[in-house]
Amino acid sequence: MKVKRVLVSQPRPAIIEKSPFYELSRKYDVEVTYRPFIRVVGVSLKEFRAQRVEILSHTAVIFTSRTTVDSFFHICEEARITIPETMKYICQTEAVALYLQKYIVYRKRKISFADGSFTSLIELIIKHKEEKFLLALSEPHKPELPETLAKLKLSFDPVILARTVPADLEEINMADYGVLALYSPTDVKTLIEKFGTDALPAVAVFGEGTLRAAIAAGIPVLANAPTPEAPSMVKALDIFLQKVQDGVEILPVEPAVDSHKEEFIRNQQHKLAKKSRTRRPAASK
């Protein structure tokens, strides 16, 4: 099997030569096409109000994406809500934290950011455990973050600030591609709705949720990231294309259980429960 073209469900980079896919295309002499399968749009003020969440009753906002940042401040402007300077912002990455400068003056004392990993974000939130959090989410979203905050018995309210909708893919012909790289469960959903599950090219996925969505739909996954061997989609495709070039048999990927994450959550629950017990006043004799 010779792979000539790769379809990546992401926006086209501003400078192709600086994209990590550029070196991949040169190494294996493949053409890389960029086409987002989805687009994210902010919710309307009516949709926001229907969720019955009061922004000003919270002391901190948790952001995991720039789209929810845009939607949050748009809703505030439209609803004429003035955010107090005491509001804290917890961000999953530095890029999201820096994006806040579009709307507020950047001050480290009220803006904190994790390194992009789930455990780092949870540890950061726990450092501010006394706050009442507003958890800004897109729909659909991974349930692990709100579920973990609930397990840790932190005070928070989830709110949907953006929705993911399918992009127009009418001119895409799957038969033209040897590999399809998908980045989200919604990418998988859009693929099924637009093209079905028959006669698809080899599928590569990024993220555990995307992997599980593809497998649940009956789509064999031949490359995935992040893994210890392939921390990025580019590396996963590099390994896959090398195997194709060498004529090595490639077996479908199986989902793995992240025991480290489960153990991390249990440890955090234990620590918080222990601290809560030590703060209780001694019973009167």
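**View 1. The largest nonpolar core of the predicted model.** A nonpolar core is a set of buried Ala, Val, Leu, Ile, Met, Phe, Trp, Tyr and Cys residues joined through side-chain atoms within 4.5 Å, where buried means under 20% relative accessible area with a 1.4 Å probe and protein chains only. The largest such core holds 48 residues, and those with the most contacts inside it are Phe63, Phe72, Tyr89, Leu100, Ile125 and Leu149. Helix α5 (residues 118–127) gives the largest share of this core, 6 residues; helices (H or I, at least four residues) and strands (E, at least two) are DSSP runs numbered from the N terminus. This is a predicted model, in which local features need pLDDT of at least 70 and side-chain atom pairs count only at pLDDT 80 or more, whereas totals for chains, interfaces and linings use all residues. Residues are numbered from 1 along each chain as its sequence is written, and side-chain values use heavy atoms, with hydrogens and water left out.

**View 2. The open sheet.** Its 6 strands follow the order β3-β8-β7-β4-β5-β6 with mixed pairing, two strands being paired if DSSP finds at least two bridges between them. The edge strands, β3 (38–42) and β6 (111–113), each pair on one side only. Strands β4 (residues 60–63) and β7 (residues 133–139) run parallel and are joined by 3 bridges, and valine 61 stands opposite leucine 134 in β7.

**View 3. Helices on the sheet.** Helix α5 packs on the sheet and touches β4, β5 (88–91), β6 and β7, contact meaning heavy atoms within 4.5 Å. Helix α7 (residues 185–195) also packs on the sheet, where it touches β3 and β8 (156–166).

Conventions. Buried means under 20% relative accessible area, exposed over 50%, partly exposed in between (1.4 Å probe, protein chains only). Axes are lines fitted to C-alpha atoms, for helices over the stretch in contact, and angles run from 0 to 180 degrees between N-to-C directions.
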